[in-house]
Amino acid sequence: MQDILKIGSYEFTSRLIVGTGKYPSIEVMRAAHEASGAQMVTVAIRRINIDDRSGKTLLDFIDRTKLRVLPNTAGCYSAKDAVLTAQLARELLETDLIKLEVIGDAQTLHPDARGTLEAAEALVNDGFTVLPYVGDDPVVCKQLEELGCAAVMPLAAPIGSGLGVCNPYTIAIIKERANVPVIVDAGVGTASDAAIAMELGVDALLMNTGIAAARDPVLMADAMKHAVIAGREAYRAGRMEKRLYANASSPMRDLIVTKGT
């Protein structure tokens, strides 16, 4: 059976969501998207230049036959701005999907929990499929789920830091209590970080800088694809019990002892 990721009314076979920022070129971005195997890509609506003289925007360089666009409200510092940006995204892209970001601090880029909850409630009531970026706070994640969000997106570490999963225990608690997909967003720096996050049982990962800022973004995108698959399969398989002492692969008990030995 296929291992399907369901977010609201949408279904995906890939559990890796990628971004569009920080790539050295549009060509590298497109090649990395292809290598990642992702089926959804996030785009910052406030950073789309609709006044480009060529008449093209970033959206024209995304293969929308393979990638569903997940617009986001990056750059918003209030619930009001986030709601307005989401509504503009719906008009521009004809989608109800929105990655909700309400930033509370310009230096750490940590989300504003109160503003996120306020905006999430307004957007859910307006018919959006809301995926909120939030701190690794089990209480706020549960509140967002109860408001009707289609998923929750706790950070693993600050945006663009590449620190990996800084607090696996809270991520595990969030996943244990959630009845919607848990998508780790922000902080994944390399393939081992991705595998560790997926082994915690989260449903998917969203990453941008970890791929875009690599020395070879296309090769890193391929590595992240395999890491997400490996981490997911390891979680589903169930890891062995940890032991303090050795436990021989071929234990002495029940061995057949031949005569004369």
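Accessible areas come from the Shrake-Rupley method with a 1.4 Å probe. By this method, the accessible surface of the chain in this predicted model comes to about 14100 Å², and carbon and sulfur atoms account for 50% of that surface.

**The chain as a whole**

The chain has 261 residues, of which 47% count as buried. Its secondary structure consists of 8 helices and 10 strands. Along the principal axes, the C-alpha trace spans about 90 × 40 × 40 Å. Among contacts between residues at least 6 apart in sequence, 64% join residues at least 24 apart. The chain carries 27 positive and 32 negative side chains, and the centres of these two sets lie 6 Å apart.

**Two residues**

| Residue | Relative accessible area | Class |
|---|---|---|
| T95 | 11% | buried |
| Y235 | 39% | partly exposed |

T95 counts as buried because its relative accessibility is 11%, and buried means under 20%. T95 is located in the loop between helix 2 (79-93) and strand 6 (97-100). The side chain of T95 reaches the backbone nitrogen of L97 at 3.1 Å. With neighbours within four places in sequence left aside, T95 is in contact with Y10, P71 and R90.

Y235 belongs to helix 8, which covers residues 217-237. When residues up to four places away in sequence are not counted, Y235 touches M198, E199, L200 and G201. Y235 and E199 are 36 residues apart in sequence, while their C-alpha atoms are 4.7 Å apart in space.

Technical notes:
Residues are numbered from 1 along each chain as its sequence is written. This is a predicted model: local features need pLDDT of at least 70, side-chain atom pairs count only at pLDDT 80 or more; totals for chains, interfaces and linings use all residues. Side-chain values use heavy atoms; hydrogens and water are left out. Helices (H or I, at least four residues) and strands (E, at least two) are DSSP runs, numbered from the N terminus. Buried means under 20% relative accessible area, exposed over 50%, partly exposed in between (1.4 Å probe, protein chains only). Contact means heavy atoms within 4.5 Å. A polar contact is a pair of N or O atoms within 3.5 Å; within protein, one must be able to donate a hydrogen and the other to accept it, and residues adjacent in sequence count only if both atoms are side-chain atoms. Lys and Arg count as positive and Asp and Glu as negative; His and the chain ends are not counted. The place of a charge is taken as NZ of Lys, CZ of Arg, CG of Asp or CD of Glu.
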